[in-house]
Amino acid sequence: MTITMPDVIADTDPRLTTFRRFEQDAAQPKWLLNIRKSGLARFSENGFPTLVHEDWRFTNVQPIAELPFKPTTALSAALPSAKDLERFHFLNTSKTLLVFLDGHFAPSLSTLPVPQKGVLITNFKDALTKVPELIESKLGKLSTIDANAFTGLNTAYFEDGVFIHVAANTAVEHAVHALFVSTGREPGAAAHTRNLVVAETSSRVTYLENYVSLGNAATLTNAVSEFFASDNSHVEHVKFQEESTTAFHVAGLYSESGRDARVWSHSFALGARLSRNNIRAKLNGAGVQAILNGLYLTHDKQLADHHMFVEHAQPNCESHEYFNGILDDQSRAVFHGRIFVHQIAQKTDAKQTNKNLLLSDDAQVNTKPQLEIYADDVKCTHGATVGQMDEQAIFYLRARGLPLEKARRMLMHAFAGEIIERVQHAAIREELDAIIWDRLEEKLATT
Amino acid sequence: MSQPLLQIKNLHAGVEGRKILKSLSLEMNAGEVHAIMGPNGSGKSTLAAILAGRKDYEITEGQIFYQGEDLLELAPEERAHKGLFLAFQYPIEIPGVNSTYFLKAALNEKRKANGQPELDAMEFLTLVKEKMKIVDLPEDFLKRPVNAGFSGGEKKRNEIFQMAVLEPTLAVLDETDSGLDIDALRVVAGGVNKLKGPHNAQLVITHYQRLLDYIVPDFVHVLSQGRIIKSGDKSLALELEEKGYDWITKGEAVAA
């Protein structure tokens, strides 16, 4: 069988030759190959977005488009040692650790959890052999909501990622920590990581995605995570991104939550030259409470972009978005918050705030709320602020005896702390607090 | 007494070229309560802000001595360390800063500056629980961010609570009574009275004579157009209440 490729891709294009690998792989189920093909089609139809595209007006991905196309097709022969990984955070917050190197599972560096009834936590490839039907019924079901070219690219070329399935009425004992390491040796080296989390009725799980770099090449992480939070489940997702400031990071986080589900989705963006999080949350059962929470700290020429789409498809749901950013030097941040309330979604309570603290005159923020409401009995609010540190508050603290530097620290920490304190998992929250505190102290030491 | 606690000499100050205080002079000793009354725009809050060290004001003439030291040379935090306290007319909300953490840091900065050992968490908590009784604050106050979401009355009580913890030598209360209902006023004034002692002084700035039914001053000063035009004992406040500010400000105009 040959694949009918869209015309825009030439037969000798490395994108095509790389893709043929999957076709020639006997272990590749036909349905999966079809999903990959649809992803490739989506990518080639749309191509990389440009500034003309409304959703990408403020984020120029041309530097990504210009990278050589080099999906990492195998686990590196020269594995880093466990010692090389010691520099990264959260290694002691959980007993479960799945390490991926450039998108490939590294079992020798990982600690899989002690088997627990009703819980399957493993890498995607392994899950494909164990629960193919489950994966077939879920994979790509959420990520096709938009025509995002990066998600298409990921769907076509992904190798591996995290797979979590939690049976009904089961609580996963330890947080699942996935460490995604970009080895960063070669410009253009790309990791198309694919994660799938399925939390059945009344289950509970905490999942930490930790994206880091070992080297400094202009690599690309292009991750897609899909979350199915069934009725009454509690799902907490913490995404921590601290890649090298030469790296590019794009992530699609797609979630669907059922009746009475409680969903926390946190995004901490500290690294990468350009990071873009496409967060799509569909509240698809009555009584869902979703917290979408984020903090970005940027400096030099970094750009951090959060592009939100929260869809209220059922009544009596709450979605609360809180995104704070601290920007220094010539860095930039983009926040686009779209809330869509279906006609049926009465009694929706949707709240969105985006606050930005600029430490430099050259830092820049583009923030844009967008509400589309088709129900008539709803409460939707949004607010955005961009500004310097509050002089009134600094004076108040000084008048109580706190020295200027301490007052500034306290306010900056508070600004970040508002976001950190929403993390439910205590050990992760405490480590985040320490990381962010250190980062801000560094910042203050240099200003 | 060897030297006054506070000495303001011929103070002229303004903001953006506009003169607000014009030759204001005032002397206070330890153990005294002074009230400054005056109509809107007379310069009351400017005086409070200058004493606390707000930068926005330009001082064109005059001096302020606090405990014999040139106050204007000191940063706001240094003034706090030396026992000066301003109860803000509009206390600032600081979301994200925990009240306990903030107040403990403030107290320990002051202790450190005065060569006293810092209080640990337990010692601080014991102290704070004692002080909360003074203004009748619920304990969950301590867990909340500083002033965030507090009602007007709660904010003012919180100011007096902070004053109780920091034990200032000179407390400047800038319209602490404004906007309070009579019950809240009683609590706040009661707190202030409990904190009065032979070694400290209070400068009570108010727009309404009502406050002085609860806080009894030793001296009352009337501030008008940037200077003190009349001083007297508490009977002056009563007279003002009866006759209104016009009684004095008009007389001033005639005298001038």
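**Reading a sheet, its helices and a chain contact**

Reply: Let's start with a helix in this predicted model. Helix α5 of chain B, residues 152–166, lies across β6 and β9 of chain B, and runs at about 170° to β6(B).

Me: How do β6(B) and β9(B) run where they are joined, parallel or antiparallel?

Reply: In general, strands of a sheet pair through backbone hydrogen bonds, and they do it either parallel or antiparallel. Here β6(B) and β9(B), residues 170–174, run parallel, with four bridges joining them. For one spot to look at, find B:Leu86: its bridge partner in β9(B) is B:Val172.

Me: Which helix packs on the sheet and touches β3, β6, β9, β10 and β11 of chain B?

Reply: That's α1 of chain B, residues 44–52. The direction of α1(B) makes about 145° with that of β9(B).

Me: And what is the order of the strands in the open sheet of chain B?

Reply: Follow the six strands across: β6-β9-β10-β3-β11-β12, with mixed pairing. β6 (84–87) and β12 (227–232) of chain B are at the edges with a single partner strand each, so one side of each has no neighbour in the sheet. From one strand to the next, the twist averages 20°.

Me: How many residues of chain A are in contact with chain B?

Reply: 15 residues of chain A, and they meet 19 residues of chain B. On the chain A side, α8 (391–399) and α9 (404–420) each supply at least two residues, and α8(A) gives the most, with six. By type, that side of chain A has nine nonpolar, three polar and three charged residues.

Conventions: Residues numbered from 1 in each chain as written. Chains lettered and ligands numbered in written order. Predicted model: local features only at pLDDT ≥ 70, side-chain atom pairs only at ≥ 80, totals over all residues. Pairing = 2+ DSSP bridges. Axes fitted to C-alpha atoms, helices over the stretch in contact; angles between N-to-C directions. Contact = placed C-beta atoms within 7 Å. Nonpolar A, V, L, I, M, F, W, Y, C, P; charged D, E, K, R; others polar.
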